[in-house]
Amino acid sequence: MDRISNLFGEKKLEFLENRISDRRTLLCEQLEMIERSNRLLEMISAGLRGIVPVDGSGKES
């Protein structure tokens, strides 16, 4: 999943680089992508540790 996420991010950045000449906008997009990825990893980690139910039902699995 990590590899697919990274590949998607790279392709998205390539697309943006071709359309955005403003370096600041591009850097902001990169930061946002990293933050989203980190939040996803935190949710996965919490689910694996049993802190948050993986099925999202609100009940312990």
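This is a predicted model: local features need pLDDT of at least 70, side-chain atom pairs count only at pLDDT 80 or more; totals for chains, interfaces and linings use all residues.
A residue counts as buried when its relative accessible area is under 20%, as exposed when it is over 50%, and as partly exposed in between.

First, the overall picture. The protein has two helices and zero strands. There are 61 residues, and 15% of them count as buried. The accessible surface is about 5,400 Å², with 57% of that area belonging to carbon and sulfur atoms.

Now to glutamate 29, which lies in helix α2. Is glutamate 29 buried or exposed? Its relative accessibility is 17%, so glutamate 29 counts as buried, because the limit for that class is under 20%.

What does the side chain of glutamate 29 make a polar contact with? The partner is the side chain of lysine 12, at 2.8 Å. If we leave out residues up to four places away in sequence, glutamate 29 touches Lys12, Leu16 and Arg36.

Next, the other side of that pair. Lysine 12 sits in helix α1. With 26% relative accessibility, lysine 12 falls in the partly exposed class. In sequence, lysine 12 and glutamate 29 are 17 residues apart, and their C-alpha atoms are 9.7 Å apart in space. Again setting aside neighbours within four places in sequence, lysine 12 is in contact with Glu29, Met33 and Arg36. Arg36 is therefore on the contact list of glutamate 29 as well as on that of lysine 12, by the criterion of heavy atoms within 4.5 Å.

Met33 takes us to the pockets. The largest pocket has a volume of about 340 Å³. Its lining has 13 residues, and those nearest the centre are Ser5, Gly9, Met33, Ile34 and Ser37. The elements that give two or more residues to this lining are α1, residues 2-19, and α2, residues 23-48. Which helix gives the most to the lining? That is α1, with seven residues. Sorted by class, the lining of the largest pocket comes out as five nonpolar, five polar and three charged residues.

Leucine 41 has a relative accessible area of 41%, so leucine 41 is partly exposed. How far apart are the C-alpha atoms of leucine 41 and aspartate 2? They are separated by 9.2 Å, while the two residues are 39 residues apart along the chain.

That is what I have on this model.

Note on methods:
Residues are numbered from 1 along each chain as its sequence is written. Side-chain values use heavy atoms; hydrogens and water are left out. On a 1 Å grid over the protein atoms alone, a cavity is a set of points where a 1.4 Å probe fits but cannot get out, and a pocket is an open set with protein on both sides within 12 Å along at least five of seven lines; lining residues have an atom within 4 Å of a point. Grid points are joined across faces, edges and corners, and a volume is the space filled by probe spheres set on the points. Helices (H or I, at least four residues) and strands (E, at least two) are DSSP runs, numbered from the N terminus. Ala, Val, Leu, Ile, Met, Phe, Trp, Tyr, Cys and Pro count as nonpolar, Asp, Glu, Lys and Arg as charged, and the others, Gly among them, as polar. Buried means under 20% relative accessible area, exposed over 50%, partly exposed in between (1.4 Å probe, protein chains only). A polar contact is a pair of N or O atoms within 3.5 Å; within protein, one must be able to donate a hydrogen and the other to accept it, and residues adjacent in sequence count only if both atoms are side-chain atoms. Accessible areas come from the Shrake-Rupley method with a 1.4 Å probe; for residues, only the protein chains shown count as cover.
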